[in-house]
Amino acid sequence: MPATAPRRPGRRARGASDTAAAPPITPGMPGGHYRPLSPAEMERIHQLVLQLLGDLGLSQVTPSLQARAVAAGCQVDDAGRLRFPRSLVEDVIARTRRKFTLHGTDPVHDIEIGGRRVHAGTGGAAPTMMDFHTGKYRESTVGDLYDIARLVDQMDNIHWYHRSVVARDTTSILDLDINTTYACLSGTSKSIAVSYTDSASVKAVMPMLDAVAGGEDKFRQRPFCTAVCCHVVPPMRFATESCDALEAAVEAGMPILLVAAGQAGATAPAALAGAVAQACAEVLAGLILCNIIDPGCRAIFATWPFVSDLRTGAMSGGSGEQALLSAACAQMAGFYDLPNSVPAGMTDSKLPDMQAGGEKGYTISLAAHAGASMIHECAGMHGSLMGTSFESYVLDNDLLGAILRTVKGVEVSEDTLNFEVIRDVVLGEGHYLGHPQTFARMKTDYLYPEIADRRSISEWEEAGARDARDAARDKVQAILAEHYPRHIPEQLDRQLRENFNIILPRARMFGGNGIW
């Protein structure tokens, strides 16, 4: 490096930071600068939301939730639809929790949700997995759940692990939910999320969660598992079993991801604004019920309207319309000032190829810049959520880092707009390569990818001319051959296996098992 420009005696290096270097990106940086909706347009959507809840309501509410809702001021009309008065809707929006912590089993992975702080993580329920060795899609297994969790555990820009595949080697709904919880918990110490089928599954896993937390009722003090509740079947109907699970989960102190996932042109209006309004109404219905059960509940406003290709009816999660829908939903959550989630990164491509990178890039970017608290399904997913691949988690971790860097934005301060720095260089060395500000800023302002290749063409060719997918596969192989988390002690693991029908072999959780 060339020498630094001369400095005046007795003065600190111009442009150097006074504090310890902070990383260029961290979980929870504020977004919200992208606004696809104007304030007047958000207000119009809100008025339709109130009309949908008050004049139309939702059908098929469970008897238990109906009794609670009616006692709180809701009405059941002659058609059996539960209607929510405007005053109750606005009261719940005003008093619900604005922010809370999603805990990991290791506190180092705790993240604060709310206030337009942007986080990214997994999600989905893919029934197939691209086999790492054959490159062909096959049915996903509990072993895949565990291996993906181990990968996510090592990805800095994937902030939680919401189960992303269905363990199709389980034989019952209860075994599915128990084994999904176990595999997620065992593979990562980050916060996890599981979609519980019914109240029986919620009640069945609570002893497991308490045991991992340190004893009876310990989980409630630091809940590290979120219940994913698709509490509605769009348009505007409650889902009976999921509502039972919702009720049980709130009573158990679990955070709740309240998901409304209509498909525009099929189960939600084809008009994008109408799809946003319907999703907001459906999620607010769930939020009201959660707050009636427990006013202090940790509820996440998860408006997930998806897009249909109206030529075929097929889902098109990688479309530009999906990017707009998710961003608009994030903006409406900001309008309500609610901790929220939107989906993005759901490429329609079946491979980690150019289509996948492009679709993931623009859908995630718009959601992040619109200020989504949580961006789900933005790592690993392919084929419109029907498949996933190991190397995509590594590739997407790189992509997420770059997107989060754009969320951080450009710092404008006395240090970054410094006349003396420019004068010293102009009158001195004539370049900034060795300047103290350059050394300081290379650590705080610039993010360096792990997978994306920035070498010259000749260097790349001499190294074998391998592409990003090859590099990602190397990292997958290295992590899954060596990284077997041990945050659940062996004695506790044996206890869990004695008390639950765990189908993941214990030998599968050690190196040298012949798989990796």
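Me: How many disulfides does the structure hold?

Reply: A disulfide is a pair of cysteine sulfur atoms within 2.5 Å. This structure holds 0 disulfides. It is a predicted model, in which local features need pLDDT of at least 70 and side-chain atom pairs pLDDT 80 or more, while totals for chains, interfaces and linings use all residues. Residues are numbered from 1 along each chain as its sequence is written, and side-chain values use heavy atoms, without hydrogens and water.

Me: Is C229 buried or exposed?

Reply: Buried means under 20% relative accessible area, exposed over 50%, and partly exposed in between (1.4 Å probe, protein chains only). C229 is buried at 2%, and C290 is buried at 0%.

Me: Which residues of helix α13 are buried?

Reply: Helices are DSSP runs (H or I, at least four residues), numbered from the N terminus. In α13 (residues 436–444), the buried residues are P436, Q437, R441 and T444. They line one face of the helix, because seen down the axis they fall within an arc of 115 degrees, the arc being that of the directions from the helix axis to the C-beta atoms.

Me: What covers the buried residues of α13?

Reply: Contact means heavy atoms within 4.5 Å. The cover includes α11 (390–408) and α12. Helix α12 spans residues 419–427 and contains I422, which is partly exposed at 45% relative accessibility.

Key
Helices (H or I, at least four residues) and strands (E, at least two) are DSSP runs, numbered from the N terminus.
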